[in-house]
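Good morning, and thank you for making time for this presentation. Please keep the structure in view while I go through sheet, helix and ring contacts in turn.

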Amino acid sequence: MPATTAPPAGNGAAKESGQSIFTKIAQGVVIWFGIQLLMKHFMSRSNDLQATAVTTTADGKTVQIPANTGDIPAFQLRPPKLDDGATYNRIPQRLAPIWPTDSVIDIIVTVSDTFVPTKIASVSEEMVALEETGFNLGDSSDKRWAETSFDVPTSVQNNGTLWGHFYFGLTGSILDPKESGFDPATAAHFAYPLTQYLPKKKEAKTRNLLEERVEVDETLAPEASGPVIANYYHPNTSLSFIPDTGIMSFPQLPPAVSHYLILESTGARDGSGQNSWYYPVLFVNQFWQMKSHMMILNDTVKTLPLRLDLNTLKNWQFNVMATMDLNTKQQARAAAFGGSLPAGSDGSEIEMIKEILLDTNPWLLGITVVVSIAHMILEMLAFSSDISHYRKKKDNVGISVRSILANVFMQAVIFLYLVDNQQNTSWMILGTQGIGIFIELWKVTTVVDVKLRPAPPGSVIPYRIAFEDKHKLSETEEKTKEYDEIAFKYMYVAGVPLLIGYAIYSLYYDSHKSWYSYVITTLVGSVYAYGFLMMVPSLYINYRLKSVAHMPGKAMMYKFLNTFIDDLFAFTIKMPFLHRLATLRDDVIFFIYLYQRWAYKIDYTRVNEFGQGGEDDETPEPPKEAKAEPKSLPKIDEAVISGRFGKDAQTTGTDAGGAKKRK
């Protein structure tokens, strides 16, 4: 028997078509609140009513009937014929529960390779998966479970369906419809598949490029043109009764709910001929069955384990889970058959969310949500501050042009890698990466002029791209350019051997789709591993200039705060140990930058040596024009006047306040 690892169904282990993941989450929240309001409205009226009423039938029998059927009579009190003038409607309009909500029932579940039920007494013991008596529908604390294993029928090994047959009824009644004395008023039966036909995820064919290509006879093994559908099985299933469904309007029920509805089997109607009854809803809960926990059935699978958990579920929970489960499967099916889904979704996002909910501690999950929001906000602030810094900068002092160009190259490599693995990449991610490339290219144009110049004689390409300085460089800018060259020279010495070594290792040990895929994968692996080295030239320039005034301080702080958030994810999310260590590499750069910021103090009250007024570098206001002076004679030196005419001598008008009128 193949090994399986699946969480127990008791712990919950048991794609909306055409909509994005965020829309589906929002709709789920809206549906939840809407159902809550409706349930409060209906339950406020039904809570005052008893779940069960006792009455006497026409033949004198005392029976218990549900007390929440409204104006629809209980099934036991149905009229023997339709009212005068009434017509029989083959499709019932309204449905009432056939049993009280606090009924005590017995249930038997068997496993078979056929949809047609067989006599329970003839079913082998290993194929009886569950047999329980006295289960109370009104007691939410009543939980049962059973475990078994059985030999896989040959038809199921050959892509056939494994069926579960569910027999349940009021305690003491005959559950087998093939037994004499079976009463549809007290027992019911239905069949439901325990296997699921799901599209297999398309996997790219890879090979070791150093080995000879193996030629495959296409006539013997034709490649499937469409999706490959496989027969999946999950060993854990939850069975949940929904006791509080109340009266339902049958034509208006959503498909996910009507899918599990079992109508009264005799086709009886009330006096109007429009209304009927239904058995308690038994939800075969496959919502928490992860595809990653399933196994594919084939002729190599000889035996299978099965665990069934029996419990009750609230009506609103049933509505949400059944609807999301059905829509998730529809979206996955549409994606498998080439349907266009927003953001390049493949219909697996909801399953990823469910895996997170299953595998993550609730407190840790809450912290992760808060931290993720903070990460997004800091990313936006870093983007805004970085753009603002480059727009205000007047010179190239402290800027590593080579780092910007190298960053453009690395972003382009990542983009090509994502395109090469498009089946695992959302269009949203591709779009974000493409925008990032254009932003880095814009940064280049703010530092240098990008020109198209004729190529030197003898060149194969007639034109070349030239990067020219926007103006004559100052002494400090020339030093920045020189230090940038030195830093990159050291980086080449350290990085190129690492890149070559990784390329040789990947070519020898790994498999790839093609030589192009090998080159892209090798480059992107180096980018992910050594991308943090792009900050080294800037740190070296800071060291040689003994200043950090030219750095985009706010953007750097936002980015490094995001680095610490990534560190938090590294210790909370499951990942390989080496990958966890790799997330700590940017911290080294950050602490060096903090030391430089401490060592090279910045006086924000003055304009720095690079023409910037502090971090914000606000544009200085133009100097106010000097007030125009009236034309007059040249000013006379006061010392000369004092020497010639004495200390009390005054120029005309110097003491206008003491002047006296002549007589």
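Three strands make up an open sheet of mixed pairing, ordered S12-S3-S13. Strands here are DSSP runs of E with at least two residues, and helices are runs of H or I with at least four, each numbered from the N terminus; two strands pair if DSSP finds at least two bridges between them. Strand S12 (248-249) and S13 are the edge strands, each pairing on one side only. Strand S3 (residues 94-97) pairs with S12 in the antiparallel sense, over 2 bridges. Leucine 95 has methionine 248 in S12 as its bridge partner.

A word on provenance. This is a predicted model, in which local features need pLDDT of at least 70 and side-chain atom pairs count only at pLDDT 80 or more, while totals for chains, interfaces and linings use all residues. Residues are numbered from 1 along each chain as its sequence is written, and side-chain values use heavy atoms, with hydrogens and water left out.

Next, helix H9. This helix covers residues 475-509, 35 residues in total, and spans 51 Å from first C-alpha to last, close to the 51 Å expected at 1.5 Å a residue; the expected span is 1.5 Å times one less than the number of residues. At tyrosine 492, H9 bends by about 30°, the bend being the angle between axes fitted to the seven residues ending there and the seven starting there. Its buried residues (under 20% relative accessible area, 1.4 Å probe, protein chains only) include Glu477, Tyr483, Asp484, Phe488 and Met491.

I turn to the aromatic rings. Rings of Phe, Tyr and Trp (its six-membered ring) pair if their centres lie within 6.5 Å; planes under 30 degrees apart count as stacked, over 60 as edge-to-face and the rest as tilted. The count by this rule is 17 aromatic pairs. Phenylalanine 168 and phenylalanine 190 form an edge-to-face pair, 6.4 Å centre to centre with 75° between the planes. Because phenylalanine 168 lies in strand S7 (residues 163-170) and phenylalanine 190 in strand S8 (residues 187-193), the pair ties together parts 22 residues apart in sequence. Both phenylalanine 168 and phenylalanine 190 are buried.

What about tyrosine 192 and tyrosine 260? Their ring centres are 5.7 Å apart and their planes at 20°, so the pair is stacked. Tyrosine 192 counts as buried at 10% relative accessibility, and tyrosine 260 is buried at 8%.

Finally, ring pairs link Trp99, Phe135, Phe166, Phe168, Phe190, Phe241 and Tyr279 into a cluster.

How values were computed. Buried < 20%, exposed > 50% of the residue type's maximum accessible area, 1.4 Å probe, protein only.
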